[in-house]
Amino acid sequence: MGDDLRGASLRLTAQFTALLLIILAIVGTLVYLIVSTSVTESNQRALVAATRLDSPQDAPSGTYLSLVDTRTGGQLISSDDLPEGLLDTAAIQSVAAGGEDVQEQRSVDGRDYLLLTTSATGDRSHDRFVQVALDLHESSEELGRLATALIAGGLVAAMLAFATAYLMARRAISPWPRRSPCSAASSPTPATNSAHH
């Protein structure tokens with residue numbers, strides 16, 4: 001009887017825990033996708049905003065700007081700390097020749113960068129060509145921390161759910177204690193008063 005009870009408790013617990021894990025996986029995936037989309041949109045806005053900067057020295061940390069200004073002789077000017085090998089001269093030449101904007105992702109020395117090469121630079125459009133490179137290291141770390149937190153939280157929740165569900169399942173299917181025939185309650189018989197004549 002004890003083995004049957006334990007087996008039934010474990011089956012109920014496993015089913016409940018599996019259902020909880022599925023729900024947590026769905027919620028965690030949705031949260032990750034929402035944050036990932038928000039990070040991607042934020043990076044895109046940062047790229048576009050950087051194309052309107054007047055000088056590579058004005059670029060914020062983690063953003064590298066290279067530009068060719070036709071009003072100043074068409075000389076290529078880049079950020080002083082531009083990582084070696086990051087500049088895509090072919091993309092700049094393509095856009096300068098009238099081609100479409102080029103957006104790409106490149107990896108240099110183990111770090112990923114998002115690049116945008118364009119001639120659409122606000123009120124200076126088509127008289128200068130800009131290439132913006134955005135370091136994705138911080139964004140990747142943020143998403144990595146989020147994924148780790150979601151996984152760790154899901155595992156802790158699953159363990160707590162397993163322990164709680166097992167205790168509740170055992171209590172729910174435990175047989176009620178049977179009353180012994182010898183322990184039947186006996187009602188006290190009222191005392192009868194004998195009439196003495």
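These questions and answers walk through a predicted model, from its strands to its surface.

Q: Which strands pair with strand 4?
A: Strand 4 covers residues 111–118. Seven bridges join strand 4 to strand 3, residues 102–108, and the two run antiparallel. Six bridges, again antiparallel, link strand 4 with residues 128–135, which make up strand 5. The partners are strand 3 and strand 5.

Q: Which residue in the turn of the hairpin formed by strand 3 and strand 4 has a positive phi?
A: V108 stands opposite R111 of strand 4. Two residues lie between the two strands of this hairpin.

Q: In strand 5, what is the bridge partner of T118?
A: Strand 4 and strand 5 pair in the antiparallel sense. T118 is bridged to a residue of strand 5, namely V130.

Q: Is strand 4 mostly covered or mostly open, and how many of its residues are buried?
A: Buried means under 20% relative accessible area. Strand 4 has eight residues and is mostly covered. Y113 lies in strand 4 and is buried. The number of buried residues in strand 4 is six.

Q: What is the geometry of the aromatic pair?
A: The structure holds one aromatic pair. Its members are Y64 and Y113, with ring centres 6.2 Å apart and planes at 65 degrees. Planes over 60 degrees apart count as one class, so this pair is edge-to-face.

Q: How far apart in sequence are the parts that the pair of Y64 and Y113 ties together?
A: Both tyrosines are buried. Y64 lies in strand 1, residues 63–69, while Y113 lies in strand 4, so the pair ties together parts whose separation in sequence is 49 residues.

Q: Is H137 buried, exposed or partly exposed?
A: H137 is found in helix 3, residues 137–173. Its relative accessibility is 33%.

Q: Which residues does H137 contact, leaving aside neighbours within four places in sequence?
A: H137 and D112 are 25 residues apart in sequence. In space, their C-alpha atoms are 6.5 Å apart. Beyond its sequence neighbours, H137 is in contact with R111 and D112.

Note on methods
Residues numbered from 1 in each chain as written. Predicted model: local features only at pLDDT ≥ 70, side-chain atom pairs only at ≥ 80, totals over all residues. Heavy atoms only, no water. Buried < 20%, exposed > 50% of the residue type's maximum accessible area, 1.4 Å probe, protein only. Helix = DSSP H or I, 4+ residues; strand = E, 2+ residues; numbered from the N terminus. Pairing = 2+ DSSP bridges. Phe/Tyr/Trp six-rings, centres within 6.5 Å; stacked < 30°, edge-to-face > 60°. Contact = heavy atoms within 4.5 Å.
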